[in-house]
Each structure stands twice: as structure tokens, then as C-alpha cells.
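Hi everyone, thanks for having me. I'd like to walk you through one protein structure today, so please keep the picture in view while I talk.

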Amino acid sequence: MATTPELEPLDDSTFDRVLCVAAHPDDLEYGTTAAVDKWVKAGKTVTYLLVTRGEAGIDTMPPHEAGPVREQEERDGAEEVGVSVVQFLDEFRDGVVEYGLPLRRAIAREIRIRRPHLVVTSTFAPYFPGGFVNQADHRAVGLATLDAKADAGNRWIFPGLVEEGLEPWQAGQLLILADPEPTHAIDVSGHFEEAVASLSAHDRYLEALGPDYPRPRDLLQQILGGAGAALGVEHALAGRLIG
């Protein structure tokens with residue numbers, strides 16, 4: 001019989017700047033924004049990097065129309081939790097993101113620009129906890145972020161970044177969310193409503209998923225309530241912490 005892993009509270013005194021890396025608009029809104037709201041209100045600087053604009057994510061809307069809609073929804077959702085810097089990459093297309101050197105370089109470049117103490121991304125495991133298949137872009141971006149953390153600290157891997165004036169930067173920690181083997185959790189009790197508002201900002205995307213898709217409040221209660229129970233609090237966000 002499977003047992004719930006013992007989760008250690010994340011020590012937020014170890015970081016002041018956070019970079020959140022995701023494949024698509026709305027990825028961060030499935031729970032991460034509760035922690036973001038907590039960090040921003042504590043005076044920490046949080047920025048977002050989105051690898052795509054999610055242009056292939058709305059079946060009823062062609063990509064050239066969906067991309068700007070989803071970009072604006074991401075900016076609106078970020079604003080709900082106090083994030084004003086939302087950077088999108090132009091080199092990668094939604095649904096066909098591939099792990100490789102161009103992706104590693106692009107993420108390492110942003111790490112050198114933002115100089116975070118903590119980088120946050122999502123799991124690159126084939127399956128989410130619970131058995132759901134992890135989408136291909138998520139896997140590529142998560143793994144590339146893991147490697148880009150090291151790349152950003154080594155001046156010889158992408159020397160062109162130094163030529164741009166971007167000196168190496170080694171982020172102290174990487175938090176991989178939705179990991180099948182979490183080690184740490186963040187108590188986000190008191191930040192649930194802001195997370196709901198952030199996800200609800202993606203209204204056209206969520207509407208296109210159909211009436212049977214869970215409402216933001218119900219979905220976030222499932223995600224954050226489960227980790228909260230493991231930590232012994234109302235709501236929590238769980239992930240694997242790598243130093």
C-alpha cells in the first residue's frame with residue numbers, strides 16, 4: 001500500500017528572487033500562483049518565463065488568434081498575484097516543443113537576466129501523480145529547466161551569452177512541482193482565493209474545455225487541499241527541491 005511521503009516545509013528565508021518557468025499560459029495557475037501570491041506579499045520578486053503562447057490550446061480558435069488571447073490571459077492571471085514581468089519566448093511552438101540546446105540556452109539566458117535564487121518549474125516525469133500522462137511540452141520544458149539551471153552558471157557552455165553581457169548565475173535551488181516524489185511543501189493557506197482568481201482569468205481557454213471540466217475552485221481545492229492534508233495545513237503546494 002502506497003504511503004504519503006513526509007514533506008518538509010520549504011524555507012522561504014533562503015530566497016528573495018524567484019523565476020517560474022512553464023510551457024504554456026495557465027500552467028502556473030494550477031496551484032503555483034498560490035505560492036507566488038505568498039512570496040510577492042512577503043516582498044519577494046517573482047517573474048515568469050513562458051516558452052510558448054499556448055496558441056494550439058483552443059480547438060475552436062486558430063493559433064494566430066489564440067496566441068494573443070492566451071498571452072493576455074496569462075498577463076491578467078499574473079496580475080492577480082502581483083506579478084508584472086511575464087516574458088514569452090518566440091522560438092518555440094505550442095505542442096511541438098523539443099528538448100535540446102536551443103531550449104536550454106533560452107532558459108539559461110533568462111536565468112542570467114533575472115538572477116533568481118529559486119527556479120520553479122513542473123515535472124518532466126512521464127506521468128503526473130495520480131497517473132495522468134504529462135504532456136510533451138511540459139516534459140521538455142521541465143527537463144530543459146533542470147539542465148539550464150546548471151548551464152546558466154557555466155560561462156563555457158553558451159559563451160555567446162557572456163558576449164551579450166550576461167555573466168554566469170547559479171541559482172541556489174530548483175523546485176519541481178507536481179513531481180511524483182515530492183520532498184517539500186509550501187503552506188499556502190490564506191492564498192487560495194488569489195489562486196482561484198488567477199486561474200479564472202483564463203476564461204476563454206477554460207470555456208473551450210467544455211462544461212464538464214472542473215471549475216477553478218474545485219480543481220485547485222483538489223490540488224492544494226491534498227498537499228495541505230499531507231502537511232497538516234489547509235492548503236499547500238508540493239514539489240521536489242533540488243539544491
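Before we start, one term: two residues are in contact when they have heavy atoms within 4.5 Å of each other. Also, please keep in mind that this is a predicted model.

Let's begin with the nonpolar cores. Which residues have the most contacts inside the largest one? They are Trp 39 and Tyr 48, in a core of 40 residues. If we skip residues up to four places away in sequence, Trp 39 touches Leu 10, Asp 12, Phe 15, Val 18, Lys 44, Val 46, Leu 118, Val 120 and Ile 186. There is also a second, separate core, with 26 residues, and among them are Leu 49, Ile 111, Ala 140 and Val 141.

Now to helix α4, residues 136–151. The buried residues of α4 include Ala 140, Val 141, Gly 142 and Ala 148. What do the buried residues of α4 pack against? They pack against β2, α3, β5, β6 and β8.

Ala 108 sits in helix α3, which covers residues 101–114. Its relative accessible area is 0%, and because buried means under 20%, Ala 108 is buried. Leaving out neighbours within four places in sequence, Ala 108 is in contact with Ala 148, Asp 151, Ala 152, Phe 158 and Leu 161. Ala 108 and Asp 147 are 39 residues apart along the chain, yet their C-alpha atoms are separated by 8.5 Å.

Next comes helix α2, residues 63–80. From first C-alpha to last, its 18 residues reach 25 Å, close to the 26 Å expected at 1.5 Å a residue. Arg 70 and Glu 74 are among the buried residues of α2, and the cover over its buried residues includes β3, β4, α6 and α7. Just after α2, Gly 82 takes a positive phi of about 80°.

Where is Asp 26? You'll find it in the loop between β2 and α1. Is Asp 26 buried or exposed? Its relative accessibility is 4%, so it counts as buried. Beyond its neighbours within four places in sequence, Asp 26 is in contact with Arg 70, Glu 74, His 202 and Tyr 205.

Now for the largest pocket, which has a volume of about 1500 Å³. It is lined by 46 residues, and those closest to its centre are Tyr 30, Phe 128, Pro 129, Ala 178 and Ile 223. Which elements give two or more residues to the lining? They are β2, β5, α4, α8 and β8. Of these, α8 gives the most, with six residues.

Ala 178 lies in the loop between β6 and β7, and it has a positive phi of about 60° although it is not a glycine. At 30% relative accessibility, Ala 178 counts as partly exposed.

Notes:
Residues numbered from 1 in each chain as written. Predicted model: local features only at pLDDT ≥ 70, side-chain atom pairs only at ≥ 80, totals over all residues. Heavy atoms only, no water. Helix = DSSP H or I, 4+ residues; strand = E, 2+ residues; numbered from the N terminus. Buried < 20%, exposed > 50% of the residue type's maximum accessible area, 1.4 Å probe, protein only. Core = buried A, V, L, I, M, F, W, Y, C linked by side-chain atoms within 4.5 Å. 1 Å grid on protein atoms, 1.4 Å probe; cavity = no way out; pocket = protein on both sides within 12 Å on 5 of 7 lines; lining within 4 Å. Points joined across faces, edges and corners; volume = space filled by probe spheres on them. Expected span 1.5 Å × (residues − 1).
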